[in-house]
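Hi there,

Here is the structure I promised to pass on to you. Have a look at it first, and then read my notes below.

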Amino acid sequence: MELKQYWIIIKKRLLLIGLLIAVSCLSVGLYSSYYAKPQYQASAKLIVNQYKASGSLLSSIDIGAINSTIGLIKTYKEIIRTPRMMKKVVEAYPELGVTYKELIGMVSVSSVNETQVMSISVRAESYRKAANVANAVAIVFQESVPMLMKVDNVSIMDQANPLEQQGPVSPNLKMNMTVAFMLALLLGIGLSFLLEYLDDTVKSEEDIETLLQVPVLSTVPLFRESDSREHSGMQFAARTGRENNVTFDA
C-alpha cells in the first residue's frame with residue numbers, strides 16, 4: 001500500500017478521528033479542571049558527607065571517598081521509605097494525621113547523579129502539609145542514621161518552608177491535554193485502518209483484480225441522474241429542431 005493510499009484511508013475517516021480527539025480532550029480537560037484534586041509538592045534536602053564514627057569500632061575506617069558515599073546513598077534511599085522508618089515519623093509527629101502506609105505513598109527519594117545530595121519529596125493536598133511531612137521525614141531519618149548504620153554522616157542541608165505559597169504540581173492541564181490529543185490521534189488512525197481492513201466490499205478495478213486474479217478488460221461508467229436529464233434535454237432539442245424544418249405543400 002502506497003503513501004497516497006494511506007492518506008486516502010485517513011481522509012475518508014477524518015470526521016471519526018476529529019470526533020475522537022474532541023471527545024478525549026474535552027473529557028480530560030473537564031476532569032483536570034473540575035474533578036481532579038490538586039497536589040502540592042515540597043522537598044527537603046539532605047547531604048551525605050564524610051562521617052564521624054559514633055563508636056570506636058569504625059574510627060579507623062575511611063569511607064569519605066565520593067564514590068563510596070554515592071554508593072551509600074542508594075542504601076539510604078531504600079531505608080527512608082521502609083515501614084520501620086515511616087512508623088518512627090508517625091510516632092514522632094502525630095499531628096501530621098497520616099498512617100505509615102499513607103506516608104510511604106506520599107514520600108519519594110531521589111538523588112542527583114554523581115552528588116552527595118538526597119532530596120526527600122512529598123506530595124499532599126496542601127503545600128503546608130507536604131512541607132511539614134518532608135521536614136519530619138528528614139529530621140527522623142537524620143536522627144536514626146547513627147543508630148542504624150553506626151555512623152553520623154547525614155546532615156539536613158535545606159528544609160521546606162511551610163509558609164511559602166506554591167502552586168500545585170498536578171494536575172498539569174497542558175500536559176494532560178497534549179497526551180489526550182496524541183493518544184486520541186493514534187487511536188483514530190489505528191481505528192481507520194482497522195475499519196478499512198475489515199471492509200471487504202469491492203470499490204475499484206484494483207479490488208477486482210486482487211479478488212479474482214484476472215485483468216479488467218472494460219468498465220461501465222457511473223451514470224448519474226443529472227446525466228440523464230442532460231441527455232433527455234439534448235434529444236428534445238434535436239427533435240424540436242427537425243420539426244421546425246418541416247414544411248407542408250398546399
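In which helix does N135 lie? N135 lies in α6; helices (H or I, at least four residues) and strands (E, at least two) are DSSP runs, numbered from the N terminus.

Two points before you read on. This is a predicted model, so local features need pLDDT of at least 70 and side-chain atom pairs count only at pLDDT 80 or more, while totals for chains, interfaces and linings use all residues. Residues are numbered from 1 along each chain as its sequence is written, and side-chain values use heavy atoms, with hydrogens and water left out.

**The overall layout**

The protein chain has nine helices and four strands. Starting at the N terminus, their order is α-α-β-α-α-α-β-β-α-β-α-α-α. Of the 250 residues, 25% are buried, where buried means under 20% relative accessible area, exposed over 50%, and partly exposed in between (1.4 Å probe, protein chains only). The accessible surface comes to about 17,500 Å², and carbon and sulfur atoms account for 59% of that; such areas come from the Shrake-Rupley method with a 1.4 Å probe, and for residues only the protein chains shown count as cover.

Contact means heavy atoms within 4.5 Å. Among contacts between residues at least 6 apart in sequence, 75% join residues at least 24 apart.

**Back to N135**

N135 is buried, at a relative accessible area of 10%. Leaving aside neighbours within four places in sequence, N135 is in contact with A44, Q159, A160 and P162.

**The cores**

In soluble globular proteins, nonpolar side chains tend to be buried together. A nonpolar core is a set of buried Ala, Val, Leu, Ile, Met, Phe, Trp, Tyr and Cys residues joined through side-chain atoms within 4.5 Å. The largest one here has 38 residues, and Y76, V107 and F141 have the most contacts inside it. Elements that each supply at least two residues of this core include β1 (40-53), α3 (66-80), β2 (107-111) and α6 (127-149). Helix α6 gives the largest share, eleven residues.

What does V107 touch, leaving aside its neighbours within four places in sequence? The contacts of V107 are R81, M86, I120, S121, V122, V133 and V137. There is also a second, separate core of five residues, with I10, I17, C25 and A184 among them.

**The salt bridges**

A salt bridge is a side-chain nitrogen of Lys or Arg within 4 Å of a carboxyl oxygen of Asp or Glu. The structure holds three of them.

- K12 and E196 meet at 3.0 Å, N to O. This pair links distant parts of the chain, with K12 in helix α1 (residues 3-12) and E196 in helix α7 (residues 173-198), 184 residues apart.
- E196 also pairs with R13, with the closest N and O atoms 3.2 Å apart. Here R13 sits in the loop between α1 and α2, 183 residues from E196.
- E125 and K129 meet at 3.2 Å, N to O.

K12, R13 and E196 are linked in a network. K12 is partly exposed, at 46%, whereas R13 counts as buried, at 16% relative accessibility.

**One spot on the surface**

Finally, look for Y35 in helix α2 (residues 14-35). Y35 is exposed, with a relative accessible area of 64%.

Happy exploring!
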